[in-house]
Amino acid sequence: EPASERNMGRTTQESLGFLEKQDGTGPWCCCASFYEPNEAMIVSREAFEQYDLDDIQLPENLRDDMSDRPGFYRRQQKIFEDITDDEWRMALACYYGRVTELDAQFGRLLDHLENTGQIEDTIIIITADHGKYVGSHGMDGHNYGAFEEIYNVPLVMSGPGLAEGIESPARVGLHDIGPTLLELTGTDSIDVPDSQSFASAMKTPTEA
């Protein structure tokens, strides 16, 4: 079943419907929240076959023995101990394929902004709430373990006055996005002790 007929396609279509109603009406905010690729590895054959199973690299820490970590992690590994390397490669191909499908959905939204002349005046954020193991540390899922694969998530931003083609070394959290958007849009900030704007890091990344 193609992505356009699954949940991600429906989310995109609903978002496009919202954007079409906002065209020319002034400031707006649209949050397109995709559940994928959280659930079982369901992906279109077209996206899956973009990845050669023989070429997929397994995580270097797939055989992590967790000897210096709490026993809880070793118990979690046991859930996946019978999965073969080839099966992990297939799972990774499904995961990568789903991410590829999501990229296409983002593209549909960006195409709309470009076609309506709004893309230069729009702040765009692509991020995720968490990562996924898919073999890292010999596990799958995401609900346990303070590991890099779970906490280091992508955060891509573009918009008026923001630096282009730069990767910032700034360490920020999802809770900082709210104050950042308020500053970038010239809106009064909120006085909270647990987050702060990182707008300056987006304008001059090398100085962050």
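Which helices and strands each supply at least two residues of the lining of the second largest pocket? In this predicted model, the answer is strand 1 (124–127), helix 5 (148–151), strand 2 (155–158) and helix 7 (199–203). The points below begin with the chain as a whole, then turn to the pocket, and then follow individual helices, loops and residues.

**The chain as a whole**

- Along the principal axes, the C-alpha atoms of the chain fill a box of roughly 55 × 45 × 25 Å.
- When contacts between residues at least 6 apart in sequence are considered, 67% of them join residues that are at least 24 apart.
- The accessible surface of the chain amounts to about 13,200 Å², and carbon and sulfur atoms account for 49% of this surface.

- Rolling a probe the size of a water molecule over the atoms shows where empty space is left.
- The second largest pocket has a volume of about 1,100 Å³, and its lining is made up of 38 residues.
- Of these lining residues, the ones that lie nearest the centre of the pocket are Pro154, Leu155, Val156, Met157 and Met202.
- Strand 2 gives the largest share of the lining of this pocket, namely four residues.

- Gln76 has its place in helix 3, which covers residues 71–78, and because its relative accessible area is 15%, under the 20% cut-off, Gln76 counts as buried.
- Apart from its neighbours within four places in sequence, Gln76 is in contact with Met139 and Tyr144.
- In helix 6, which covers residues 177–184, the buried residues are Ile177, Pro179, Thr180, Leu182 and Leu184.
- These buried residues of helix 6 pack against strand 1, strand 2 and helix 7.
- Helix 6 is followed by Gly186, which has a positive phi near 70°.

**Backbone features in the loops**

- Most residues other than glycine have a negative phi, and most peptide bonds are trans.
- Glu36 and Pro37, however, are joined by a cis peptide bond, with omega at about 0°, and Pro37 is found in the loop between helix 1 (7–22) and helix 2 (45–48).
- Val134, which is not a glycine, has a positive phi near 45°, and this residue is found in the loop between strand 1 and helix 5.
- Why does Val134 count as buried? Its relative accessible area is 2%, and so it falls under the 20% cut-off for a buried residue.
- His137 lies in the loop between strand 1 and helix 5, and although His137 is not a glycine, its phi is positive, at about 60°.
- His137 counts as buried because its relative accessibility is 7%, which is also under 20%.

- His130 is a residue of the loop between strand 1 and helix 5, and its contacts, leaving aside neighbours within four places in sequence, are with Asn38, His142, Ile150 and Val153.
- Along the chain, His130 and Arg10 are 120 residues apart, and their C-alpha atoms are separated by 22 Å.
- Glu149 has its place in helix 5, and because its relative accessibility of 24% lies between the cut-offs of 20% and 50%, Glu149 counts as partly exposed.
- Which residues is Glu149 in contact with, leaving aside its neighbours within four places in sequence? The contacts of Glu149 are Asn61, Gly131, Lys132, Tyr133, Ser136 and His137.
- For one of these contacts, Lys132, the C-alpha atom is separated from that of Glu149 by 6.3 Å, while the two residues are 17 residues apart along the chain.

Methods: Residues numbered from 1 in each chain as written. Predicted model: local features only at pLDDT ≥ 70, side-chain atom pairs only at ≥ 80, totals over all residues. Heavy atoms only, no water. Contact = heavy atoms within 4.5 Å. Areas by Shrake-Rupley, 256 points an atom, 1.4 Å probe, with all protein chains shown as cover. 1 Å grid on protein atoms, 1.4 Å probe; cavity = no way out; pocket = protein on both sides within 12 Å on 5 of 7 lines; lining within 4 Å. Points joined across faces, edges and corners; volume = space filled by probe spheres on them. Buried < 20%, exposed > 50% of the residue type's maximum accessible area, 1.4 Å probe, protein only.
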